[in-house]
Amino acid sequence: MDYPGLSIHALKDLLVAKKVTPLEVTEALFARIDTVEERIGAFITINREQALRRAEEAGKQLERGEGGVLCGIPMAIKDVVCTKGMRTTAGSKILEPFIPPYNATVIDKLEEAGAIIIGKLSMDEFAMGSSNENCAYGVPKNPWNREYICGGSSGGSAAAVAADESFASLGSDTGGSIRQPASHCGIVGLKPTYGRVSRFGLLAYASSLDQIGPLTKDVRDCALMLNVISGYDPKDSTSVNQAVPDYQSALTDGLKGMTLGIPREYFGEGLDPEVEAAVKNAVEKLQDAGATVRQVSLPHTEYGVAAYYIIAPAEASSNLARYDGVKYGMRDMDAATLMDMYKKTRSKGFGDEVKRRIIMGTYALSSGYYDAYYKKASQVRTLIVRDYQQAFAECDVLVSPVTPTPAWKLGEKSHDPLSMYLSDVLTIPANLAGIPGLSVPCGISRAGLPIGLQIQGAHFQEEKLLRVGFNLEQRLDMKGRKPDL
Amino acid sequence: MNISKEEVAKVANLARLELSEQEVIEITGKLDKILGYVAKLNEIDTKDVVPTTHALAIHNAFREDVVRPSLPQQEALANGPRQNGEAFVVPRII
């Protein structure tokens, strides 16, 4: 039996029925990793011994009829989420020696549910990038075609799940970093509502935009993972104290009575015809499931990227000030003065894109420029929020492409940051407004690269997103399609 | 030009980054292009628009000010590149 190829819910049924043990599953997963990882490069750190030990413990729990909803399910996590005792680098040289002394809240929650954390996954340094090419530990490849990017910044997470090296993963999404790689790798990825999931223990990039979310093989797994990680956390004062529904229970309801909004600005210039065709086909399937469709407008969509590339670097310049060689991470030991130590440590530890964004952010916040850049961008952010409010008065969810094109070739945009930034035009607005966004596979291009459908909803409407995603999945029959590795 | 080499060098210093001459030239070129693009925001009239700094309407998340267990000193120091068991050690300041 191909255990690594299973979804979490299918595997869970086998585990509970005692047809397989967590140890057998975990060993099978490591065998899979040994076979394909050399070609994919999704991992930064693998912790075999601990994983196998935990798998044995999980086996005993299941024997006794105990264990949480993820008992005995092995998975790896984006390397930006703190794991106690397991190295956490954020894809950066500056954190090469960092062993967190505590778990992020989401890791505590996964482990309480019985999940086995087997390792940490590749990412763009400090989550800054759209291709995972800005990683100090190597560049993961797209499992569907290894000459192409897997997307970013949660590229390792998407590649690992798509290549059956992890049953699911967690990523972080600041401007599309879960949805975009999920789309490029043909899996499901959800950016929850800002505040739905605790950010405690997430290494901060842009705190008003960052959100942790699941990357999974199907929508049911996504709902399951979201239930495990959601909820108020006293350690994150921006998390929201609002009841967490059972996200799995409404999945199978049809879409009768639901209105899908098609934002016309998302179908403009630069949209790949194959992406457009796949999305239109998906919309038809959703209509077959009972949904009605109407055109809506989000007039400020085209300003999202510009606002984002002021706000996110501004917040990053402040957040990344903590990496100074004093408390954790690397230090340039030869520096004679404190100032020299700060500068040499940061200059050697950070990669080019991170330096660029720190400088951009510091500049945008600096005296004399604040009003022209940061304040202006924050005002445009308000207009984007209002666009969504108006749209959600007319429809339940918005459906659109996740990205204007399928994955591009490795190296194609790495020397032109602006062209890379512009590829995030359809995912950034959700972060600016704090709303949830789901990416679900909806097609494969003629070149064999996956295409995703983005479903956005109002704050805390994850149930609707997942229901639409589930209905699409049932009607498209994409689940059998896997990369050939 | 939207930004000069001198401005990049000045801001790099504020951000505690040491850049080579080559890096300054490269970053100036790329930032110039990015700033040129973000100037697009000036097409929109934002007079009287209240800025958004936070996506949700959460204000003043207060909690009781009570002593709770925290990270033990040795664990807090463990990741320090240089420490003496009581404090992080840095190059002499005074």
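Two residues are in contact if their C-beta atoms, placed from the backbone, lie within 7 Å. By this criterion, in the predicted model, Ile359(A), Thr362(A) and Tyr363(A) of α11(A) meet Val8(B), Val11(B), Ala12(B) and Leu14(B) of α1(B). The residues of this helix contact comprise 6 nonpolar, 1 polar and no charged. The axes of α11(A) and helix α1 (residues 5-14) of chain B come within 9 Å. They cross at roughly 95°, which makes α11(A) roughly perpendicular to α1(B).

The contact between the chains draws 56 residues from chain A and 43 residues from chain B. On the side of chain A that touches chain B, two or more residues each come from α9 (304-319), α10 (338-349), α11 (352-365), α12 (371-392) and α13 (417-422). The largest share, 10 residues, belongs to α12(A). This side of chain A divides into 31 nonpolar, 15 polar and 10 charged residues.

Chain A also holds an open sheet of 8 strands with mixed pairing. Its order is β4-β6-β5-β10-β11-β9-β7-β8. Strands β4 (168-172) and β8 (292-296) of chain A stand at the edges. Each has a single partner strand, so one side of each is left without a neighbour in the sheet. From one strand to the next, the twist averages 30°. Within the sheet, β9 (residues 397-401) and β11 (residues 450-457) of chain A run antiparallel, joined by 5 bridges. Pro401(A) has Leu453(A) in β11(A) as its bridge partner.

Helix α7 (residues 219-229) of chain A packs on the sheet. It touches β4, β5 (188-191), β6 (212-216) and β10 (437-444) of chain A. The direction of α7 makes about 150° with that of β6(A). Helix α15 (residues 462-476) of chain A lies across β5, β9, β10 and β11 of chain A. Helix α15 runs at about 10° to β10(A).

Definitions and conventions: Residues numbered from 1 in each chain as written. Chains lettered and ligands numbered in written order. Predicted model: local features only at pLDDT ≥ 70, side-chain atom pairs only at ≥ 80, totals over all residues. Helix = DSSP H or I, 4+ residues; strand = E, 2+ residues; numbered from the N terminus. Nonpolar A, V, L, I, M, F, W, Y, C, P; charged D, E, K, R; others polar. Axes fitted to C-alpha atoms, helices over the stretch in contact; angles between N-to-C directions. Parallel < 35°, antiparallel > 145°, perpendicular 65-115°, else oblique. Pairing = 2+ DSSP bridges.
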